[in-house]
Amino acid sequence: MIPCDLMIRSRWCLPIAPDPKPIERGAVAVEGGRILAIGPAADLDARYLPTAAFDLSNHAVLPGLVNAHCHAAMSLLRGAAEDLALDAWLNDAIWPLEGRVVSAAFVRAGTDLAIAEMLRSGITCFADMYFFPEEAAPRVSAAGLRAQIAFPIIDFPNPWSSGATEGFHKGLELNDAYRDDPRIGIAFGPHSAYSVEEANLQKTLMYAEEVGRPIQIHLHETAEEVAAAVARNGHSWVAQLAATGLLNPALQAVHMTQLSDADIELVAEHGVQVVHCPTSNLKLASGICPVGRLAANGVNVALGTDGAASNNALDLFAEARLAALLAKHLGGAAEGRVEDALRMATLNGAAALGLADEIGSLEAGKQADLIAVDLSGPALSPVRDPAAALVHGPAAAAVSHVWVAGRCLYEEGDYKTLDLVGLRRRVELAMEGCG
Ligand SMILES: [Zn+2]
């Protein structure tokens, strides 16, 4: 018998890859924070002797979800700007409000609130893009999950920097501080092609290539954005970024609701990562990302919640369901299969963030980032197809356990690394003056 740290036995195990088929009465053996083996529980019990074990007889165990686009601290702006299209939402509501209320303390409390919400609904890794990233990163470290922290680059003065030059300076310092962190990766976060001038986008590319970090950008979010690009440059932002060298596999293009066939060809040719944020795009009436057309061209499409001010939840199971429904709306009922939706929420997200070798599926050697969902509740049972229950049922509320690198961070309502009572007080304090 081989000793191991942990054995998680469950009614169903969904590895996502290499074979997405659920394993009935499966188990995952964990050693040193990584997955040692996955397979039928009977087989693993015959080979491994765990120090600790979980027997989850009504549960599905799957990889932790990867939220590939979020502005975590905007949890404090939930409900602050309703029923507006993107342009008014951003220029008339969100940016002026952020100018008044965002501070280091705001970001600390808001990031913790978002982490509490995300952990509870099975998100073990998220891509953040917000002001004061040097405050957000330690919150992720303390809570024990994983994140890509993109520091914001915007040409004009904002709560964190006087503009792009100071943004680069502070961001590169942050990158130095987290150079070897096992759970936090730093990324460049130019807000959008329309709010960052060409020279600063070029600088972003140069620095990003120099330090080997990815770039995340809001791109082709609305028809107006693309029309303005065509009027100014004679072609779309996708074509413009292709010409300037920004389109590459380390570029994470968020939204992408407006794409011509030529845009899709460029995105596919350059291996760009696409992040689909269906709720945010519908709520701001921005459009729908053509996931089927992108996937047919071999483009990797991940899922994001966007920030709580345009969603208003950080629930990636809900995004997976909506992505499946929108795929059916656009391409017919055979599109948006549950396997595809689950893969978008896990392995595709990992791939978009450059982490596909480490997380996103339950495979031996990968990080033990797992979640368990109790499928015995009235809204989820009886279970004929666990993947369908996870995508089309209210799965987020049924998440019972969350592990990151083999460490249990959440169990049946109990947060192991967050003080919820203290957090509630800090949120109230941060909300004072938040009009
Ligand atoms: Zn966003």
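**Ground rules.** Residues are counted from 1 along each chain as its sequence is written. Because I am working from a predicted model, local features need pLDDT of at least 70 and side-chain atom pairs pLDDT 80 or more, while totals for chains, interfaces and linings use all residues.

**Overall form.** I looked up the secondary structure and found 16 helices and 16 strands (DSSP runs, H or I of at least four residues for helices and E of at least two for strands, numbered from the N terminus). The C-alpha trace spans about 65 × 50 × 40 Å along its principal axes.

**Domains.** I noted domain 1 as 2–63 + 367–415 and domain 2 as 65–352 (bounds from an automatic or database domain assignment). Their centres, over C-alpha atoms, are 29 Å apart. I then checked the interface: 23 residues of domain 1 are in contact with 23 residues of domain 2 (C-beta atoms, placed from the backbone, within 7 Å). On the domain 1 side, α15 (386–392) is among the elements that supply at least two residues each, and α15 gives the most, with five. That side divides into 20 nonpolar, one polar and two charged residues (Ala, Val, Leu, Ile, Met, Phe, Trp, Tyr, Cys and Pro are nonpolar; Asp, Glu, Lys and Arg charged; the others, Gly among them, polar).

**Helix α3 with α16.** Next I followed α3 (residues 104–120), whose axis comes within 9 Å of that of α16 (residues 420–431) and crosses it at roughly 135° (axes are lines fitted to C-alpha atoms over the stretch in contact; angles run from 0 to 180 degrees between N-to-C directions). The two helices are therefore oblique to each other (under 35 degrees is roughly parallel, over 145 roughly antiparallel, 65 to 115 roughly perpendicular, the rest oblique). The crossing is left-handed (near helix turned anticlockwise from the far one by less than a right angle; clockwise is right-handed). I listed the contact residues, including Phe106 and Leu113 of α3 and Leu423 and Val427 of α16. They divide into nine nonpolar, one polar and two charged.

**Helix α3 with α4.** Here the axes of α3 and α4 (residues 133–143) come within 9 Å and cross at roughly 35°, in a right-handed crossing. Among the residues that meet are Arg108 and Asp112 in α3 and Glu135 and Arg139 in α4. I put this contact down as five nonpolar, one polar and four charged residues.

Key
Contact = placed C-beta atoms within 7 Å.
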